[in-house]
Amino acid sequence: MAAAAAVRSKRRLLPYFHRLLHSAASPSPNRFLRHASPVPRAADHSPFFRLPAARVSTLPTGLRVVTQAYPAATRMASVGVWVDAGSRFELPGTNGTAHFLEHMAFKGTERRPTAHALEVEIEDMGARLNAYTSREQTTFFADVQGRDVPAALDVLSDILQHPRFPQQAIQRERGVILREMEEVQGMMEEVIFDHLHTAAFRDHPLGDTILGPKENIQSISKNDLQQYISTHYTCPRTVVSAAGDVDHDEVVDKVKELFTGFSTDPTTADQLVEANPAVFTGSEVRIEDAEMPLAHLAIAFKGSSWTDPRSIPLMVTQSILGSWNRSIGVGNCSGSSLARGISNGGLAESLMAFNTNYRDTGLFGIYTTAPPDALHDLSRLIMEEFRRLAFRVSETEVARARNQLKSSLLLHIDGSTAVSENNGRQMLTYGRVMPFLELFARIDAVDCAAIMETAKDFIVDKDVALAAVGPVSNLPELSWFRSQTSSDDKFTAKLFSLGA
């Protein structure tokens, strides 16, 4: 009886989901381009020939220096240190050390004995000093006037090679990080993605949070911090990246002079990853909270690593799925068929496709917020769209996605800070800076066949990781989500035939 009811339910839903995605009442995919061009056009990339090329030098110690003279009337520059070390490389029981170290680096050195002395020096230059930690990388950078690049390098080299870690500052910073943790707990997107990593990489450091658990924050010691630096802050795993009003040779000479205290241990991050690879577990974290007005949901598949050739098609696929927020007011005019379907059905408040890369794996999927009574229909629509990508994709939506992706990439390197960050990250992940002409050529090579083949590789018959928080009692079970990726699902075949 249950099986028969399920079949009847699917038959009733066929016309419903087809209308949401393909009804004549909703605008055609080209409608948003009506006043420009009937089809998306390929952009002219020739202006990028005029961009200064990135220059790279490798010192005898293995430390790499990359610079890019970025033309700007402000004569500003950005310089930073990118280290191939994040929370995934922490020892068992010390989760949170990498992030704690990021905080403690600014608490004084032998030459700059207090945090106040460091702050005054930075402020006197009119500079900005900052840092962040991710699961695989840690970054310390400064935005300064071009003439102050040598001084910024001196500060950066000092805080990383000669930190004092005074006990009083360690104790004080515990409270700062615990308050930061409380703030993060109020950011539902951060909470969901932490839960998603736990579900996707259970019992592996990649599944741990970056901040670490409360008990670790209260117990991390000076010895833990020193051991992490001596083990992971090595020359072969470090890149100094500068952009803006910079001179390559001057930066290289200054780095040679200042960065002499890092270990030259030849062990690479790739070797550490190979020794403890991440395994996609495809489980779920589901937290019921009926007091919340909206449910927060992330559905993910195992994605690609940074260097996987399929990473570019996945980036285009992410752009096809798109992002949408009801408050923006664009719904049934969106270029994303999923956004149109959700808008037409009133199924969610927001939608965001994501594609996160790591050294040996990744996460690819959808994050959405929705009212509790729409969760079942929303889940069906999302999974139907995932399956569609493997069997029917139009040239128009792929061309649009390519253009949107290229525009997004360009917007993210607007300014010396972004250029320096992009180059530093690429040196760690690719071992080189990929020119935009090459990157755009790789994007333009992605066609319908590549999208469908990639979707078959990453979606069809693949495990699903799920994170859900809020009033989620109406959300289908994880096994249901897994069943919706089946390659021989008759429901899928019939739905696709309706649009043929």
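The model is predicted: local features need pLDDT of at least 70, side-chain atom pairs count only at pLDDT 80 or more, and totals for chains, interfaces and linings use all residues. Residues are numbered from 1 along each chain as its sequence is written, and side-chain values use heavy atoms, with hydrogens and water left out. Helices (H or I, at least four residues) and strands (E, at least two) are DSSP runs numbered from the N terminus. Two strands pair if DSSP finds at least two bridges between them.

- Six strands in the order 1-2-6-3-5-4 form an open sheet with mixed pairing.
- Strand 1 (55–58) and strand 4 (128–133) are the edge strands, each pairing on one side only.
- From one strand to the next, the twist averages 15 degrees; axes are lines fitted to C-alpha atoms, for helices over the stretch in contact, and angles run from 0 to 180 degrees between N-to-C directions.
- Strand 4 and strand 5 (residues 138–145) are antiparallel and share six bridges, and they form a hairpin with four residues between them.
- Within this pair, R128 stands opposite D143 and Y132 stands opposite T139.
- Strand 5 also runs antiparallel to strand 3 (residues 76–83), joined by eight bridges, and A142 of strand 5 is the bridge partner of V79.

- Helix 2 (residues 97–104) lies across strand 4 and strand 5, at about 170 degrees to strand 4.
- Helix 9 (residues 248–258) touches strand 1, strand 2 (64–69) and strand 6 (238–244), and its direction makes about 155 degrees with that of strand 2; contact means heavy atoms within 4.5 Å.

- Strand 8 pairs with strand 11 (residues 362–370) in the antiparallel sense over eight bridges, and H296 stands opposite T369 of strand 11.

**Loop residue D308**

- D308 belongs to the loop between strand 8 (295–302) and helix 11 (311–321).
- D308 counts as buried because its relative accessibility is 16%.
- The D308 side chain reaches the backbone nitrogen of R310 at 2.8 Å.

**Cavity**

- One cavity of 30 Å³ or more is found in a search of the whole structure; a cavity is a set of points, on a 1 Å grid over the protein atoms alone, where a 1.4 Å probe fits but cannot get out.
- The largest cavity has a volume of about 30 Å³, where a volume is the space filled by probe spheres set on the points, and grid points are joined across faces, edges and corners.
- Its lining consists of L314, T317, F364, T454, A455, F458 and I459; lining residues have an atom within 4 Å of a point.
- Helix 11 and helix 17 (448–458) each give two or more residues to this lining, and helix 17 gives the most, with three.

Conventions. Buried means under 20% relative accessible area, exposed over 50%, partly exposed in between (1.4 Å probe, protein chains only). A polar contact is a pair of N or O atoms within 3.5 Å; within protein, one must be able to donate a hydrogen and the other to accept it, and residues adjacent in sequence count only if both atoms are side-chain atoms. On a 1 Å grid over the protein atoms alone, a cavity is a set of points where a 1.4 Å probe fits but cannot get out, and a pocket is an open set with protein on both sides within 12 Å along at least five of seven lines; lining residues have an atom within 4 Å of a point.
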